[in-house]
Amino acid sequence: MLQTRLSNSHASTQIQGNDSASYEHALSVALGLISRQYPVMIITVLLCLGMAGVYLLTAPKRYTGTAVLLMDSRKMQGLQTQVGAAGDNPIDTAMVDSQVEVLKSETIASAVIKDLRLLDSTVFMREDAGFLSQVTQLLVSFFPEEKPSDDGLMRTAIGRIVSGLTIKRVAQSYVIEISYQSLSPDLAAQIANAVAENYITDTLESKYQASRRAAVWLQDRLKELRAQASSAERAVADYKAKNNIVDAGGRLLTEQQLAEINSGLTEARGKRAEAEAKLQRITAILNADESDPQVILNDLATVNDSMANPVITKLRGTYLDYAAKASDWSNRYGPTHLAVVNLRNQMREIRRSILDELRRTAEAYKSDLAIANAREEASQKSLNDTIAVSNDTSQAQIVLRDLESNAQSARALSDNFLQLYMVSVQQQSFPITEARVITQASALSTPKTSPKTALVLLAGIVGGGILAGLVAIFLEMLDRVFRTVHQVERLLQTNCLASVPIVSFEADQTATGSLSRLMGWLPFPRDWMPTSRPGSRQTAAAGQPSRGMEAGSTQVTGPGGRQLAIDDSVGRFAINSPFSRFAEAFRSIKLATDLSNYGSPHKVVAITSALPNEGKSTVSEALAQTTAQSGLRTLLIDGDIRNPSLTHRLGRSADVGLIEVVFGTINLKDALWVDPQTNLHFLPCVVASRFSNSSDLLASMQMQKFFQDLREQYDRIILDLSPLAPVIDVRATGTLADSYILVVEWAKSKVDVVERVIQETPIVRERLLGAVLNKVNVAAMSRYDTHSGGYYRNQYYSRYGYVD
């Protein structure tokens, strides 16, 4: 677990390190791009600033008038309360955005043009009278054209209004700003206000037209609905008449009759029960035991109707009086007293009279009972008949209800449309709008909006910076040349032995004072010659003239009396300025050739390039001088038979050279030239006329034998060859050279050309010791090389005494 955490931590740290390295690399690449292309970038930014300045000087001053409009969502009082009930909704965001687009429409623009008569305004029609417009009009004036039509002028004016108009919503509020730019502050304010006013007018007009169209449609629809309602109601009436359905107080007649008959039947049943109860009671009294008069009197007391009968009441009172007297007299005179007996006889007569009266009442009750039974039967029969009729009516009422429902729906719809029609009529008479102007544009408050100097200059700087960056990147993409050591090694797949800085001819003269000191440090005698050749240690006789002698040059006698002219050439700068970067670069190349000897002999080192004038001859001379100065027996051969530029520079007066020695017409010692200071031997190449078969000569057996002899006499042979692209001579040197050094001119050699010639010359590709980046501008190279980390800066070299 711990190991896993450590590995994860290590991976995370590595990823962070890679990200940091990539950021640093990207930053270094950007800084390098700026440091390399800063002149072009500065010029580009200055041009953009200049264009911005020209624009500021030529652009007319424009003013902006701003009116503020409020979309008020609150309902108006008064008539609006009634009208708004028809369906006004609160204003939402989408509605406000829609109104912004309406303000930008051509309808509002054309209304503003007609309202302010802008087609007749010379100020408005010349709004675009800027510098470019004036130039365009001047050019167009040379070509006759037809006068524009009224429609064309209107379209132009509308386009000008729309282009100068700016409508925006203030944050998320219901406030809309209407701004217009013009050359005149008065015109800007007028147009901004006119847009707001015409928008309100257009809104009112659109609502009026919508209400008018709605009213016309509602009126037609209302007629149709009224006809439908009348037809439905007529169908209800006809159906009632057809089916004898009569309403009485909102109820059907059968329903009302049924209720009344049912009530009468109930009443009849009650009366019949009452009469029957009375009859039964009277009958029970009459059937009681007449021997007990007290019972009869008590029963009579329970019958209400009997108590209400005045005859029975009077007889019962008399009977009670007689009974009281009889009881009193019986107690006083005895029960057999004649008065008592008479009273009892009278009481018996009274009791008989009461019974007779009760029998007559019973007969009356029987009559009442018969009448109640008859009435009940009649009510029951009437109820049955009415129920039968009601059942028939109920079947018809099902259809009637549908007809009535249709009639009610048609009538309700007609009433609703009537209400909507009245609302639309009110809206026509009193149209309303939710918009109102809360701030009027004024010429006094109209600010100058363009051109804004700070903004234009900032745009010029930003745009110039972006354009400068694009131009720099474009130039970098077009720059397909070698500029860094890393680029040479990556593209050519070989080592870059050294980057040779460019030196001027005057620089060699400043370092001649160090030559005498350097000669004292040489570890070999200055009169050294190869010991295998006769006369190898010859010294120049004082005052003996030399065929290589030129005016103004110092001469030292060499083999055969030929000596190199010690002039201040670039090739000798490595000797004349030993503490320069130039000399250090060739010591690096010489070290590379020395190290290549381990394991296999590399005595013959051929120097070539892709194209002419890349400095291969100078590199050959300087490398040979450096090698000879170190004490090695060194021979420099001019092998560029087609164009022996090295011979023209070092042995301009030579009349024999490589060709003559190979063909055996002269000895080697008679053709050699020697440098008296470094003992460098030089074999020139003298070509009297154009030489077409130079490749055959280089590939000949004589040339091979000649180089075999040279390998025995010299430690190092520097062979200056022709370029690879123009001629094929280098391909014929496979048996001569042990290794090749390719000279690449800094900032001049094309990458595509060098890659192609390397691919087309397999012998050079296989034996390529390395490449030399020649004529390097060190100060500029440090800006291109982002991989060296400032390796070529002067501060690192000056600490060790190196100077340029």
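The following legends describe close-up views of a predicted model of one protein chain.

**Figure 1. Overview of the predicted protein chain.** The protein chain contains 29 helices and 15 strands. Of its 804 residues, 42% count as buried. The accessible surface of the chain comes to about 43,700 Å², and carbon and sulfur atoms account for 55% of this area. Among contacts between residues at least 6 apart in sequence, 79% join residues at least 24 apart.

**Figure 2. The largest nonpolar core and the surroundings of Phe706.** In soluble globular proteins, nonpolar side chains tend to be buried together. The largest nonpolar core of this model comprises 56 residues, and Leu683 and Phe706 are those with the most contacts inside it. Helix α26 (residues 751-760) supplies the largest share of this core, namely five residues. A second, separate core has 33 residues, including Ala624, Leu646, Leu650 and Val743. When neighbours within four places in sequence are left aside, Phe706 is in contact with Leu658, Val661, Val662, Leu668 and Leu683.

**Figure 3. Gln99, a buried residue in helix α3.** Gln99 is found in helix α3, which covers residues 93-103. The relative accessible area of Gln99 is 15%; because residues under 20% count as buried, Gln99 is classed as buried. Leaving aside neighbours within four places in sequence, Gln99 is in contact with Met71 and Tyr199.

**Figure 4. Thr733, a buried residue in a loop.** Thr733 is placed in the loop that lies between strand β13 (716-720) and strand β14 (739-745). With a relative accessible area of 0%, Thr733 is buried. The side chain of Thr733 reaches the backbone oxygen of Val730 at 2.6 Å. Apart from neighbours within four places in sequence, the residues in contact with Thr733 are Leu698, Leu721 and Tyr740.

Definitions and conventions. Residues numbered from 1 in each chain as written. Predicted model: local features only at pLDDT ≥ 70, side-chain atom pairs only at ≥ 80, totals over all residues. Heavy atoms only, no water. Core = buried A, V, L, I, M, F, W, Y, C linked by side-chain atoms within 4.5 Å. Buried < 20%, exposed > 50% of the residue type's maximum accessible area, 1.4 Å probe, protein only. Helix = DSSP H or I, 4+ residues; strand = E, 2+ residues; numbered from the N terminus. Contact = heavy atoms within 4.5 Å. Areas by Shrake-Rupley, 256 points an atom, 1.4 Å probe, with all protein chains shown as cover. Polar contact = N/O pair within 3.5 Å; in protein donor to acceptor, adjacent residues only side chain to side chain.
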